[in-house]
Amino acid sequence: MSVSFVRATVREMAGYTPGEQPADAARVVKLNTNENPFPPGEKVMQAIAAVSADSLRRYPNPTADAFRDTAAKLHGLSREHIIAGNGSDDILTIATRCFVPPGGTLAYPDPTYSLYPVLARLEDAKGVAVPWNGDWSLPIEALLQTRADAIYLANPNAPTGTFVPPALVAELAGEFPGLLLVDEAYADFAGENCLQLVGRFENVVISRTLSKAYSLAGLRFGYAVAQPVVIAEMMKVKDSYNCDALAIAAATAAIGDQAHAQWTWQHVRAERQRVTAELTRLGFAVLPSQANFVLATVPGDNGKDMYLGLKRQGILVRYFDLPGLTDKLRITIGLTNENDALLNGIKSMCLTKDRP
Ligand SMILES: Cc1ncc(COP(=O)(O)O)c(C=O)c1O
């Protein structure tokens, strides 16, 4: 049924579909939405417990300065280089409203994070999907040819986990007259990142999240790093109090406790290597990943059957019913015992299939 008073753009669009969040998450092996398998550290829980009733009564600091100062120290920058958001999805919304005018163009290599076209659409702008090169390298010329107002580059990319070296991102930033947003939701699991490009290029914004690397997907906290003149413009666009008092306290403690976070990243990197090797041995083709997940092509090409078979065993992975992805599964790297459950679940299905 159509609702005549809704903007035609909204009425006609599908909206973003988030990954499945089962009600009884404790009973499933949940490897479908790239969460960190470890809980946040003790310092985060203490910071949340220390939030006073009075600071909940009052509005929070509108620009989350305690967080900005701690993040600035971590990155060797100033507070003015940073804007905080209610998850990095909020940062992406702010960026799209700030840099992509109605009737304009947002370009992105494809496949990538499926929120980007939704954000372009909401702005009444055009989302232009530029296919990755065959070897998953950056299609620089094709991106430039779109003459877009902004380019969004997830690096490492989702759902592939592939990584574009910072030197190539710098080449694109140097040649592109518009805004280049590098979505580094997964950068902490990679060997390198593009933060240093902010000092060299006024048109580069780096987006980060505490959802993955800092075990805080449920809290909703992200931030962007860019030159102060750019951050000042983004500040005009954000909601007045886009980060709440609890989130500011917890996120500040999380980013201040690098030892805990880095310990989780080391586990993920080691398990990523093991899961990749095991899946390869089982006949999957696994893309080299720099993220906390892998994209694996299922032997026999039937991603959906494998996804459903795992689901029946209480193991959730992500299946995308999209062109080029139907033979693949995106699998989040979990705890060792969760990864074992996944591998055993796959092995049991392969055995059943082979039985006469
Ligand atoms: C590439 C990418 N960017 C951003 C996000 C959003 O993260 P957040 O939880 O910070 O909104 C995701 C979430 O899966 C993602 O995959």
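Which residues in α5 meet which residues in α10? That was my starting point today, and I kept in mind that this is a predicted model.

**Entry 1: α5 and α10**

I looked up the α5 side and found Ile91, Ile94, Ala95, Arg97, Cys98 and Phe99, which meet Val230, Glu233, Met234 and Val237 in α10. Sorted by class, this contact of α5 with α10 has 8 nonpolar and 2 charged residues, and no polar ones. Next I checked the geometry: helix α5 covers residues 88–99, helix α10 covers residues 228–237, and their axes lie 9 Å apart at an angle of about 100°. Angles of 65 to 115 degrees count as roughly perpendicular, so α5 is roughly perpendicular to α10.

I then followed α5 to the sheet. Helix α5 lies across β2, β5, β6, β7 (204–209) and β8 (222–225), and runs at about 155° to β7.

**Entry 2: the sheet**

I wanted the strand order next. The sheet is open, has 7 strands with mixed pairing, and reads β2-β8-β7-β6-β5-β3-β4. I noted β2 (82–85) and β4 at the edges; each has a single partner strand, so one side of each is left without a neighbour in the sheet. From one strand to the next, the twist averages 20°.

A reminder to myself: strands of a sheet pair through backbone hydrogen bonds, either parallel or antiparallel.

**Entry 3: two strand pairs**

I picked β3 and β4 to begin with. Strand β3 (residues 105–110) and strand β4 (residues 126–131) run parallel and are joined by 6 bridges. Opposite Tyr108 I found Ala129 in β4. Between these strands the chain passes through helix α6 (residues 115–122), and the β-α-β crossover is right-handed.

I also checked β5 (residues 150–154) against β6 (residues 179–183): they pair in the parallel sense over 5 bridges. Here Ala150 has Leu179 in β6 as its bridge partner.

**Entry 4: α4 and α11**

Last, I turned to another helix pair. The axes of helix α4 (residues 65–75) and helix α11 (residues 245–256) come within 9 Å and cross at roughly 15°. Angles under 35 degrees count as roughly parallel, and α4 and α11 are therefore roughly parallel to each other. I noted their crossing as left-handed.

On the α4 side, the contact is made by Ala66, Phe67, Thr70, Ala71 and Leu74; α11 brings Ile248, Ala251, Thr252, Ile255 and Gly256. I recorded 7 nonpolar and 3 polar residues for this contact of α4 with α11, and no charged ones.

Methods
Residues are numbered from 1 along each chain as its sequence is written. This is a predicted model: local features need pLDDT of at least 70, side-chain atom pairs count only at pLDDT 80 or more; totals for chains, interfaces and linings use all residues. Side-chain values use heavy atoms; hydrogens and water are left out. Axes are lines fitted to C-alpha atoms, for helices over the stretch in contact, and angles run from 0 to 180 degrees between N-to-C directions. Helices (H or I, at least four residues) and strands (E, at least two) are DSSP runs, numbered from the N terminus. Angles under 35 degrees count as roughly parallel, over 145 as roughly antiparallel, 65 to 115 as roughly perpendicular and the rest as oblique. A crossing is left-handed if the near helix is turned anticlockwise from the far one by less than a right angle, and right-handed if clockwise. Contact means heavy atoms within 4.5 Å. Ala, Val, Leu, Ile, Met, Phe, Trp, Tyr, Cys and Pro count as nonpolar, Asp, Glu, Lys and Arg as charged, and the others, Gly among them, as polar. Two strands pair if DSSP finds at least two bridges between them. A crossover is right-handed if, with the strands pointing away from the viewer, the path from the first strand over the helix to the second runs clockwise.
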